Amino acid sequence: MAFVTRQFVRSVSSSSSASASAKKIIVKHVTVIGGGLMGAGIAQVAAATGHTVVLVDQTEDILAKSKKSIEESLRRMSKKKFAENPKAGDEFVEKTLSSISTSTDAASVVHSTDLVVEAIVENLKVKNELFQRLDKFAAEHTIFASNTSSLQITSIANATTRQDRFAGLHFFNPVPMMKLVEVIKTPMTSQKTFESLVDFSKTLGKHPVSCKDTPGFIVNRLLVPYLLEAIRLHERVSYGDASKEDIDTAMKLGAGYPMGPFELVDYVGLDTTKFILDGWHEMDVKNPLFQPSASLNKLVAEKKLGKKTGEGYYKYK
C-alpha cells in the first residue's frame, strides 16, 4: 500500500510540474512599440531568432527608417557570420526582414500577440496612456513589458488590469551585440510571466538576469552613480583632482573598462543621464549619489548632449 501511495504521489507531483511548465507562455508573436534605436534592435533580434514581429511607431516615415537601419545592421552581421557563404547570408537577411511587419496603429495589432515590448520615450504619463489603451485590445494571455531604464515598472503596470502579466525587460544598446537582458519582477508579476520572459530572453540568445523593481535595476543603479562620481571628480579639477582625459585613461587601463566614463556618458547621451539622475534625486533627495551635477546641467542646457549632437564632454567631428 505504501508503495502504491508513493507511486501516486510521484505521479501527481510529476503531473503538477508538467502542468506548471505548460502554463508558461511560449512567445512566438512579438509586438515592439517604438521604432527608435532600442525598439529596432529588439525587433531585429526577435525576428532573427524565428519570432514574428510587428514594429509600431507613429509614422510610416519613422518605420521606413527603422526597417532600413535593421537591414543595414543585418547585412553587417551576415558578412561576419556567413563570411564563407554570402548566399546563406543574403537568405538570412531576407528571411529576418520578412518576419518583420510594421504598423502605425498599435491597438489594431496587439490582439494576436504573445508579448508587447514598449521602447518609447522615458515619460511615465506617455507610457501609462499607451499601456492603458493597449490593455483593452490585447489578448488575455498577452504579456506586457517595458524596456525603461529608469522608471518604476510598478508605476507603469498600474495603468493596466494585467499587473500579473507585466514586467520589465531591459535590453542594452546596441541590442544585437549586447548579451544582457534584465528581467524585472514587480511584487505583482506572476512567476509564470517571469519565467516566460526568461525563456524568451534565452531564445534571443541573451543572458537574462533577475532583479526586483528597484531604481536603475542592476546595471544603471551601479553605472550612473559611477559616471556622476567621475564627473564630480572632474568638476573638482581646480583643486588638483584629475582631468577628464586622465580619468578616462585611468579607468580603461587601470580597471580594464572598454570606455572611460566621459566617453561613455557622451555615448549614452547627457540628456538621458540627466533624466535618470533627476528622477532618482526626486525620489531620494538626501542621497549623495543622486545629487545634480553643475557641468552636466550646463551642457544639457546648451544642447551639447554627447556624440549624437557632436559635442558633450568631448567634441566630435
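## Surface and overall form

The protein chain has an accessible surface of about 16600 Å², and carbon and sulfur atoms contribute 58% of this area. The structure is a predicted model. Along its principal axes, the C-alpha trace of the chain spans about 80 × 55 × 40 Å. Of the 317 residues in the protein chain, 44% count as buried.

## Secondary structure and contacts

The secondary structure of the protein chain consists of 12 helices and 8 strands. Among contacts in the chain with a separation of 6 or more, 64% are between residues 24 or more positions apart.

## Charges

The protein chain carries 41 positive and 35 negative charges.

## Annotated binding site residues

An unreviewed UniProt entry gives the annotation "binding site" to Ser73, Lys80 and Ser149. These residues span 77 residues in sequence, and their farthest two C-alpha atoms are 30.3 Å apart, so the annotated residues do not all gather at one spot. Of these residues, Ser149 is included in the lining of the largest pocket.

Where in the secondary structure does Ser73 lie? Ser73 belongs to helix 3, which covers residues 60–81. Its relative accessibility is 11%, and because buried means under 20%, Ser73 counts as buried.

When residues up to four places away in sequence are not counted, Ser73 touches Gln44 and Pro176.

Key. Residues numbered from 1 in each chain as written. Predicted model: local features only at pLDDT ≥ 70, side-chain atom pairs only at ≥ 80, totals over all residues. Heavy atoms only, no water. Helix = DSSP H or I, 4+ residues; strand = E, 2+ residues; numbered from the N terminus. Buried < 20%, exposed > 50% of the residue type's maximum accessible area, 1.4 Å probe, protein only. Contact = heavy atoms within 4.5 Å. Areas by Shrake-Rupley, 256 points an atom, 1.4 Å probe, with all protein chains shown as cover. Lys, Arg positive; Asp, Glu negative; His and termini not counted. Charge placed at Lys NZ, Arg CZ, Asp CG, Glu CD. UniProt positions renumbered as here; feature names shortened; annotations may be inferred. 1 Å grid on protein atoms, 1.4 Å probe; cavity = no way out; pocket = protein on both sides within 12 Å on 5 of 7 lines; lining within 4 Å.
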